Amino acid sequence: MKYSICKNAIGDLIRIPYDESGPYCPICATSFNGCELKHNICPGCNIQFGDDDVPTREFSDHTTEEYFNVVRVQWLNDNDWDTVLIHQLRDILGIDTDALRALANK
Ligand SMILES: [Zn+2]
């Protein structure tokens, strides 16, 4: 897996995984199936990149990465913490899923 870094609308850096099949979602590591990230909606977590990849008003005190963790927890809750998805987050994004689980149990 390779990574590219880009800035979102509020200037925070986002690390985007990609390989020969194209980019993966930096939030949930779902493949974009060769589509570009920008202005497309993630088929996994439903975030639209270039538009709602910044903290919403409710989470305006969060950094982008903190907000992404909120979205990740929501996405995992919606999918009953599916083991395949947990591994996807760990393997592609290097996410500490135990920390996410602690966040979910707050
Ligand atoms: Zn996603």
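**Strand pairing, helix faces and the nonpolar core**

Strand 2 and strand 3 form a hairpin in which two residues lie between the strands, where strands (E, at least two residues) and helices (H or I, at least four residues) are DSSP runs numbered from the N terminus. The model is a predicted one, in which local features need pLDDT of at least 70 and side-chain atom pairs count only at pLDDT 80 or more, whereas totals for chains, interfaces and linings use all residues. Residues are numbered from 1 along each chain as its sequence is written.

The protein has three helices and three strands, and along the sequence these follow the pattern β-β-β-α-α-α. The radius of gyration, taken over C-alpha atoms, is 13 Å, close to the 13 Å that the globule rule (2.2 Å times the number of residues to the power 0.38) gives for 106 residues, so the protein is as compact as a globular protein of that length. Along the principal axes, the C-alpha atoms of the protein fill a box of roughly 35 × 30 × 20 Å. Of the 106 residues, 23% are buried, a residue being termed buried if 20 or more other C-beta atoms lie within 10 Å of its own, exposed if 12 or fewer do, and partly exposed in between, with C-beta atoms placed from the backbone. Among the contacts with a separation of 6 or more, 33% are between residues 24 or more positions apart; two residues are in contact if their C-beta atoms, placed from the backbone, lie within 7 Å.

The three strands form an open sheet in the order 1-2-3 with antiparallel pairing, two strands being taken to pair if DSSP finds at least two bridges between them. Strand 1 (2-7) and strand 3 (22-23) are the edge strands, each of which pairs on one side only. Strand 1 pairs with strand 2 (residues 13-19) in the antiparallel sense over six bridges; within this pairing, Tyr3 stands opposite Pro17, and Ser4 has Ile16 as its bridge partner. These two strands also form a hairpin, with five residues between them, and Gly11 in the turn has a positive phi of about 85 degrees. Strand 2 and strand 3, which run antiparallel, are joined by two bridges, and here Asp19 stands opposite Gly22 in strand 3.

The loop between strand 3 and helix 1 contains Lys38, which is exposed, with 12 other C-beta atoms within 10 Å. Although Lys38 and Phe49 are eleven residues apart in sequence, their C-alpha atoms are 5.0 Å apart in space. When neighbours within four places in sequence are left aside, Lys38 is in contact with Phe49 and Gly50.

The 15 residues of helix 1 should span 21 Å at 1.5 Å a residue, and the end C-alpha atoms are 21 Å apart, which agrees; the expected span is 1.5 Å times one less than the number of residues. The buried residues in helix 1 are Thr64, Tyr67, Phe68, Val71, Arg72, Trp75 and Leu76, and what covers the buried residues of this helix includes strand 2, helix 2 and helix 3 (97-104). Helix 1 is followed by Asp80, with a positive phi near 50 degrees.

In helix 2, the buried residues are Leu85, Gln88 and Leu93. Viewed down the helix axis, these residues fall within an arc of 70 degrees, so they line one face of helix 2, the arc being that of the directions from the helix axis to the C-beta atoms. Thr83, His87 and Asp91 are exposed on the other side of helix 2, while the cover over its buried residues includes strand 2 and helix 1. Gly94, which follows helix 2, has a positive phi near 70 degrees.

A nonpolar core is defined as a set of buried Ala, Val, Leu, Ile, Met, Phe, Trp, Tyr and Cys residues joined through C-beta atoms within 7 Å. The largest such core has 17 residues, of which Cys25, Ile27, Cys28, Ala29, Cys42, Ile47 and Val71 touch the most other members. Helix 1 (64-78) and helix 2 (83-93) are the elements that give two or more residues to this core, and the largest share, five residues, comes from helix 1. Val71 is in contact with Ile27, Cys45 and Ile47, again leaving aside neighbours within four places in sequence.
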